Amino acid sequence: MAVPANPVIEEEEEHEAPTHHPTAPSHEFFDLSTTVDPSYVISLIRKLLPLDSSSVHGVVSDVPNKEGDAPCASVCNNEQFESSKSKSENMDVDVSGESSRPGGEYKDNGDGFEHSGALVGENAWEEHGCILWDLAASKTHAELMVENLILEVLLANLVDCKSMRVNEISIGIIGNLACHEVPMKRIVSTKGLIEMIVDKLFLDDPQCLSETSRLLTVGLQSGESISWAEALKFEHVLSQILWIAENTLNLQLLEKIAGLILAILESQQKIVDDLLPPMMKLGLANILINLLTFEISKLTSDRIPERYSILDLVLRAIEGLSAIDDHSQEICSNKELFHLACTLVKFTDKVEVGNCCVTAAVLIANILSDVVDRASEISQDWCLLGGLLDIFPFASDDLEARNAIWSVLARILVRIPETEMNSSSLCHFISVLVRRIDLIEDELLNQQCVDYSPGSTADTRNTSLLRIISIVNQWTAVREEAESNGNAEVLLSETDVKKLLDICHKFSK
């Protein structure tokens, strides 16, 4: 893959990233009532105007905050002015201290920002922008903001903007606005805005790239996804997305870019058909597998909680690829990937990465469906067998994942040659099951009312249970023969073995 000219985007060690990176809260918080005066919001939008605001089409009007307060400047047309004025009369917050700057004078020091006695240049812009960034998480505020031309103001700032912080805040505000339906439609209809946002993927700043990736992800997950995909379909753009994923050392950026790739894979079919083939040609599969290799190596050595979400996103992207017919073969035929997935399933401390282990089990099921012979390689890997059973509690709410686990178990169990195994191997196999009797019973109780027709997912569970019964019976026969010869070793509790058999008989058909 051709490497773009910009240098590797690395995690900043000497300077901490800005602490104020607000993102939209979960949807249940969007409609909370608020007492923020609309005129205050409008005044903040006015303060984001670049000095050369000729590209912002609107009328600058004076909107009173409250009776007796000084007027504040806003960007709006006459109709918006009357609406905002009416709303502001019903609000309780006194924001007169925000309505004008001390001295009332503005100067240009040649840096592209207005200056006042309180705050200077970019610092003032940043403070006002961050407040709007927070407020944009509210649906009410977001709709007010787009009605008062915040998108046009932000677009004007993004054009030829050299300040990385201004870029980051501008895109962050749009990212929160995009979480709401009406503002999203306005974003899409604002000429040149989506293209400008996509262009920010070529900046050399981790925070800007993180916010851009987040915004693009929100766009692809919205009802306006086609418009966003149209702006991403160019090879140089897709190449840059993959280059960032392959080269960044910044954890926040890696998480956001992995989320963007996953959003592409989980988009509607037209988007997948348009974007996935060129991404595969640019090396998407290898990049994802390399990322997975690195994340699993970190998991087994350093245990860095901040990396767990990255591991989850990368795994979900790979699992998604493994289920797409036209591209699954490249994923499923990769031996290294198969062993990585098995390694994760066998990971003993599953509490913090349970979801990742569930995804790994589904990935193994997809691989075994495409490459049947792989099952023979793991047919006597008792650690893997135990790891699969240990995943059931983490997949309790995911019927598809549980069925995938049973599918893998069935493929393993039908390949166990119990009649050719010695007593020690049989004992080891049964001990793995006996130690997990409660897990097995709970899982079977959770799926009592299921369809056992041939070919159904429940059929693989029935196959697994019948195979366990057969293998346990073989061990019992071998043990009884050893007892008759006087050289039997009692390594398993007969009570536990009987309980295991009873459970299997009870739930098998």
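Student: Which residue forms a salt bridge with D274?
Tutor: This is a predicted model. In it, D274 pairs with K270, and the closest N and O atoms are 2.9 Å apart.

Student: Why are D274 and K270 separated by about one helical turn?
Tutor: Because they are four residues apart in helix α13.

Student: How many salt bridges are found in the whole structure?
Tutor: The search finds 20. One of them joins E147 and R186, with the closest N and O atoms 2.9 Å apart. That pair links distant parts of the chain, E147 lying in helix α4 and R186 in helix α7, 39 residues apart.

Student: And what about E377 and R374?
Tutor: Their side chains meet in a salt bridge of 3.4 Å, N to O. E377 is partly exposed, with a relative accessible area of 44%, whereas R374 is buried at 7%. Elsewhere, salt bridges that share partners join E126, R165 and E168 into one network.

Student: Where is E168, and is it buried or exposed?
Tutor: E168 is in helix α6, residues 164-177. E168 counts as buried because its relative accessibility is 2%, and the cut-off for buried is under 20%. Its C-alpha atom is 4.5 Å from that of C208, 40 residues apart along the chain.

Student: Changing topic, which residues form the negative surface patch?
Tutor: D273, D325, D326 and D370 form that patch. D273 is in helix α13 and is partly exposed, at 46% relative accessibility.

Methods. Residues numbered from 1 in each chain as written. Predicted model: local features only at pLDDT ≥ 70, side-chain atom pairs only at ≥ 80, totals over all residues. Heavy atoms only, no water. Helix = DSSP H or I, 4+ residues; strand = E, 2+ residues; numbered from the N terminus. Buried < 20%, exposed > 50% of the residue type's maximum accessible area, 1.4 Å probe, protein only. Patch = residues over 30% accessible without salt bridge, like charges linked within 9 Å, V, L, I, M, F, W, Y side chains within 5 Å. Areas by Shrake-Rupley, 256 points an atom, 1.4 Å probe, with all protein chains shown as cover. Salt bridge = Lys/Arg side-chain N within 4 Å of Asp/Glu carboxyl O. Lys, Arg positive; Asp, Glu negative; His and termini not counted. Charge placed at Lys NZ, Arg CZ, Asp CG, Glu CD.
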